[in-house]
There are 2 protein chains.
Amino acid sequence: MAKRKVSNLLALAVLSLLNERPMHPYEIGAVMRQRGLADSIKINTGSLYSVTEALVRNQLIEPVETLRDTKHPERTVYAVTPAGRTEFLEWLRSLIRTPFKEYPQFAAGLAFMGHLAPREAVALLAERCKLLAADVAEIRSAIEATAKFVDRLFLIEQEYSLTMREAEVKWLHQLIERIKDGTFTEQKGEQSAWKITHPDPMRPH
Amino acid sequence: MAKRKVSNLLALAVLSLLNERPMHPYEIGAVMRQRGLADSIKINTGSLYSVTEALVRNQLIEPVETLRDTKHPERTVYAVTPAGRTEFLEWLRSLIRTPFKEYPQFAAGLAFMGHLAPREAVALLAERCKLLAADVAEIRSAIEATAKFVDRLFLIEQEYSLTMREAEVKWLHQLIERIKDGTFTEQKGEQSAWKITHPDPMRPH
DNA sequence: CATAGACTAGTCGATTTCGACTATACGTGT
DNA sequence: ACACGTATAGTCGAAATCGACTAGTCTATG
């Protein structure tokens, strides 16, 4: 994510909600959680205030009033600026259009999987399959339960999440099979070991 | 990713490479790039040194010598400690076993897609499809080219990457179809608009 | 009535991330 | 000879991220 003045996705959420109406940061956090946005965008209180400041500094939002209420701490209400509205829409477009490079943790794990014995790798992958399958079931029922009172438009992202997990489970099954069937391994004595035919400095053992 | 003393995936790469042999950070960076690890783990020079310091601070690696060479700047060589070896393996296991929550940028885009007109959304999604398809083709040829001299074990992560992109392309096609076929939309005058039947504060317009 | 926990709205300081920069050496082209 | 680009090995300072903490109010419970 290059060149954006503020790039934390929290800022996108802030811009989106302020597009609806002015709010103070605590309220933004509460609405995000209420709407399940915390599922797509990581919320951290410190970052929410920090991002809000950055948006102000870059004139994408501005403070419009400060409310005092004997019952509550003082709160500052922000509204989006025209520049902020523009940034929001452009950012949103680029998020939908451009498949930006991601660095999923599992990919890093796979890159170093050769450090583990094939047998152990298979066990771990199988466990991952189980956990993902549970995720899949959970997302499924959440979608069904929510579909009763939420428009499908707002379930798209859960469906995406579901699809990607299902694809991973499927691939994992295949990977496990291939490890077991000897595609990646060879027998060394009683143990099966990764098949390494290029013992050069390219990769570990 | 909770509780790890050092959690940047760069640190995992450092631990992995130092498991092979002692190296200085610049060399670690170079080897990572040479091996294509920069594809799975984001490298930033400042972070590499910072992460190295954090690993030292937490006694997962230690400096073993400082080399001076009239041609090159002074360099500090680090080696992994027993605790570092243990941490590496446990971290690796957890990366493979546990599907930790990720926050892909596209998911955030989908969460707010309702802010765009359906027509525009479709155009953007179609563009994304194209870009992803190009990624798919590229990864495919990279795998084929590399398979000639790299063991399959070391291509697993590229295959994962390929699979996930293919799944996304497929799903995108379906999503586009569903937007076009009226699943998500309704006619409002001459324009098609998102079908919103719950105009409550749950979501934007 | 007192206490504990949750809620409200934010702060704080430590750590991490980022990307430009430093300074030297070498190779290449003009 | 000079300029430029690349390689070597790292530094630096600004900004971002994180998660615990602050302080007051309200509610429920004993």
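**A tour from DNA strand C to the chain interface**

Select DNA strand C and the 20 residues around it; those that come nearest are A:Tyr26, A:Arg75, A:Thr76, B:Asn8 and B:Arg57. Here a residue is near a strand if one of its heavy atoms lies within 4 Å of it. This is a predicted model, in which local features need pLDDT of at least 70 and side-chain atom pairs count only at pLDDT 80 or more, while totals for chains, interfaces and linings use all residues. Residues are numbered from 1 along each chain as its sequence is written, chains are lettered from A and ligands numbered from 1 in the order in which they are written, and side-chain values use heavy atoms, with hydrogens and water left out.

**Stop 1: the DNA contacts**

- B:Arg57, at 2.7 Å
- B:Asn8, at 2.9 Å
- A:His24, at 3.2 Å

Next, colour the elements that give two or more residues to this surface: helix 2 (25-34), helix 3 (45-57) and strand 2 (72-80) of chain A, and helix 3 (45-57) of chain B. Helices (H or I, at least four residues) and strands (E, at least two) are DSSP runs, numbered from the N terminus. By residue type, the surface near DNA strand C has 5 nonpolar, 10 polar and 5 charged residues.

**Stop 2: the two domains of chain A**

Select residues 9-97 of chain A for domain 1 and 105-194 for domain 2. The bounds come from an automatic or database domain assignment. Between the C-alpha centres of these two domains of chain A the distance is 35 Å.

**Stop 3: where chain B meets chain A**

Show both chains. In contact (heavy atoms within 4.5 Å) are 78 residues of chain B and 78 residues of chain A.

How many salt bridges does the rule find across this interface? There are 6, a salt bridge being a side-chain nitrogen of Lys or Arg within 4 Å of a carboxyl oxygen of Asp or Glu. Select A:Glu127 and B:Arg97 to see a salt bridge whose closest N and O atoms are 3.4 Å apart.

On chain B, the elements giving two or more residues to the side that touches chain A include helix 6 (118-147) and helix 7 (156-180). Finish on helix 7 of chain B, which supplies the largest share of that side, 11 residues.

Conventions: A polar contact is a pair of N or O atoms within 3.5 Å; within protein, one must be able to donate a hydrogen and the other to accept it, and residues adjacent in sequence count only if both atoms are side-chain atoms. Ala, Val, Leu, Ile, Met, Phe, Trp, Tyr, Cys and Pro count as nonpolar, Asp, Glu, Lys and Arg as charged, and the others, Gly among them, as polar.
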